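Subject: Structure handover

Hello,

Here is the structure I promised to pass on. Please open it alongside this note; my findings follow below.

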Amino acid sequence: MIQAKIAEILESDQFLQEYHVKGWVRSFRSNRFIALNDGSTLKNLQCVIDFENTDEELLKRINIGAAISVKGTLKESMGSQQRVEIEVTELEILGDANPEEVKLTILSPKKHSMEKLREQAHLRVRTNTFGAVMRVRSKLSYAVHKFFQDKNFHYVNTPIITGSDAEGAGEMFRVTSLDMKNPPKNEDGSINYKEDFFGKETNLTVSGQLEAEAFAMGLGQVYTFGPTFRAENSNTSRHLAEFWMIEPEVAFCDLDGNMDLAEEFIKYVLKYVMKHCKEDLEFLAERQANEDKLKPKAERSEMNLLEKLNFVLENNFKRVSYTEAIEILKNSKPNKKKKFNYIIEEWGADLQSEHERYLVEKHFKSPVILFDYPASIKAFYMRLNEDQKTVRAMDILFPGIGEIVGGSQREERLDVLKEKMKALDIPEEELWWYLDTRKFGTCVHSGFGLGFERLVQFTTGMTNIRDVIPFPRTPQNAEF
């Protein structure tokens with residue numbers, strides 16, 4: 001007897017082979033047909049029981065959500081819905097599911113709002129939608145590591161607790177062991193963090209980039225893939241307080257090499273998941289199409305999910321300077337007719353998602369990499385161009401989502417970096433170690449950051465970022 005996962009059994013041609021399988025009941029029809037799922041695949045395995053020779057009390061316990069163990073023989077199915085089925089010879093209830101409680105949960109009703117499902121995040125993975133999303137997320141995660149490892153990048157675990165703010169965002173979660181009811185005070189009444197655990201103010205990190213840069217200066221090419229945190233009090237479909245970031249850093253690499261790497265990376269992981277999650281993506285594409293039908297025509301996607309993924313894979317990413325993009329946007333019909341929510345009037349404007357999507361979906365009809373942004377709207381560590389007003393930054397823009405990747409060639413010149421930090425009131429003593437990397441064999445180097453949940457969201461077609469992470473952390477919500 002072979003103990004196997006349902007995904008393996010559904011592909012098997014070993015008819016009359018005895019199988020042992022465990023899973024959860026998705027449905028039970030006519031006291032005879034059990035639809036069993038174990039999370040290994042979107043599809044259910046039909047298990048057929050001889051109800052006339054099965055204990056009636058046992059039959060009553062085969063409820064939706066119950067965990068069961070089934071032993072039986074693989075047969076060709078006579079039904080049109082499945083190719084194979086298991087003819088049950090032995091069935092055991094491993095965990096009961098109370099039918100009255102099941103009626104009140106996501107396991108029973110066919111239609112639930114996404115909001116309702118978020119309230120039961122510990123159970124929502126039992127639904128087809130979230131099972132598919134989380135399998136795609138898992139395969140994407142593996143593809144990220146496989147891409148970098150195959151290219152001989154070194155995986156670096158950067159600190160979660162940090163004393164610096166890499167992005168200059170100022171929206172960080174404080175980490176402290178002090179008694180907040182009675183903290184030690186300085187003479188001016190401020191909290192004396194010298195008595196805290198680390199002897200200084202510390203926070204949860206918003207990025208592992210600065211530390212990754214330091215390691216790239218010794219290991220050549222590295223990447224981080226870990227949790228990051230942002231205390232932004234924003235209750236939108238695009239924001240999480242806890243999310244995962246992918247951040248490669250490469251020594252001896254300029255902006256052009258950085259753009260090449262980012263394009264190759266994104267195409268690799270999307271191609272990988274389209275090959276290994278075909279069934280789940282087809283289901284999610286159908287789901288998105290049905291969701292689109294309920295929207296006003298103007299809000300519907302021009303491409304379905306699979307078309308959108310192929311759009312990225314099949315097109316070269318168009319490389320356009322920020323200056324050229326501004327001219328295109330200024331002269332565009334939506335801008336001239338005041339259709340944009342944010343009208344582009346002059347060079348230096350910070351582009352919004354509507355502008356980015358216009359460039360991708362309407363103007364170039366391909367993914368776009370914008371580069372050489374105004375220094376005033378980008379971070380201090382980006383390399384200043386000779387014009388003294390732009391930096392070697394790049395953003396990758398996708399259909400339906402806008403910016404998905406942000407990166408730059410880093411400022412390797414110590415004197416320029418110091419000047420930029422001074423202009424932004426960033427104390428040198430806070431980042432002394434970062435400045436040190438420019439003293440010991442400085443070199444041209446580049447990197448980028450990709451929010452993993454944004455990637456999962458794009459790949460699965462989910463409209464809310466809270467639905468692509470197992471247990472979302474958002475303002476006023478740290479449940480589960």
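Buried residues make up 50% of the 480 residues in the protein. Buried means under 20% relative accessible area, exposed means over 50%, and partly exposed is in between, with a 1.4 Å probe and protein chains only. This is a predicted model, so local features need pLDDT of at least 70 and side-chain atom pairs count only at pLDDT 80 or more, while totals for chains, interfaces and linings use all residues. Residues are numbered from 1 along each chain as its sequence is written, and side-chain values use heavy atoms, with hydrogens and water left out.

Overall layout

The C-alpha trace spans about 85 × 60 × 45 Å along its principal axes. The secondary structure comes to 15 helices and 17 strands. Both are DSSP runs numbered from the N terminus: helices are H or I with at least four residues, strands are E with at least two. Take the contacts between residues at least 6 apart in sequence: 67% of them join residues at least 24 apart. Contact means heavy atoms within 4.5 Å.

Cores

The largest nonpolar core has 93 residues. Such a core is a set of buried Ala, Val, Leu, Ile, Met, Phe, Trp, Tyr and Cys residues joined through side-chain atoms within 4.5 Å. F265, I266, L370, M394, I396, F398 and I404 touch the most other members. Helix α7 (residues 255-276) gives the most to this core, with 11 residues. Another core lies apart from it, with 26 residues, among them I9, I34, I68 and I86. In soluble globular proteins, nonpolar side chains tend to be buried together.

Aromatic rings

A search of the whole structure finds 22 aromatic pairs. Rings of Phe, Tyr and Trp (its six-membered ring) pair if their centres lie within 6.5 Å; planes under 30 degrees apart are stacked, over 60 edge-to-face, and the rest tilted. F380 and Y434 have ring centres 6.2 Å apart and planes at 75 degrees, so this pair is edge-to-face. F380 lies in the loop between β14 (368-374) and β15 (390-398), and Y434 in helix α14 (residues 432-436), so the pair ties together parts 54 residues apart in sequence. Both F380 and Y434 are buried.

F471 and F480 form a tilted pair, 5.9 Å centre to centre with 35 degrees between the planes. F471 is partly exposed at 36% relative accessibility. F480 is partly exposed too, at 40%.

One aromatic cluster is formed by Y142, F147, F148, F153, Y155, Y223, F265, Y268, Y272 and F448.

Two lysines sit over rings. The charged end of K378 is 4.3 Å from the ring centre of Y373. K389 lies over the face of W347, at 4.6 Å from the ring centre. The rule: NZ of Lys or CZ of Arg within 6 Å of the ring centre and within 35 degrees of the ring normal.

Two helices

Helix α12 (residues 353-364) has 12 residues and reaches 15 Å from its first C-alpha to its last, close to the 16 Å expected. That expected span is 1.5 Å times one less than the number of residues. Its buried residues are H355, E356, Y358, L359, V360, E361 and F364. K365 follows α12, with a positive phi near 55 degrees.

In α15, 9 of the 9 residues are buried, so this helix is largely enclosed by the rest of the structure. T459 is found in α15 (residues 452-460). T459 is buried, at 0% relative accessibility. Leaving aside neighbours within four places in sequence, T459 is in contact with V136, L140, L270, V273, L281, L305 and L309. G461 follows α15, with a positive phi near 80 degrees.

R83 and the cysteines

R83 is in the loop between β5 (67-76) and β6 (84-95). R83 is partly exposed, with a relative accessible area of 40%. Not counting residues up to four places away in sequence, R83 touches L10, E11, S12, D13, F15, K75, E76 and S77. The C-alpha atoms of R83 and L45 are separated by 9.7 Å, and the two are 38 residues apart along the chain.

The disulfide count is 0. A disulfide is a pair of cysteine sulfur atoms within 2.5 Å. C47 is buried, at 0% relative accessibility. C277 is buried at 4%.

Best regards
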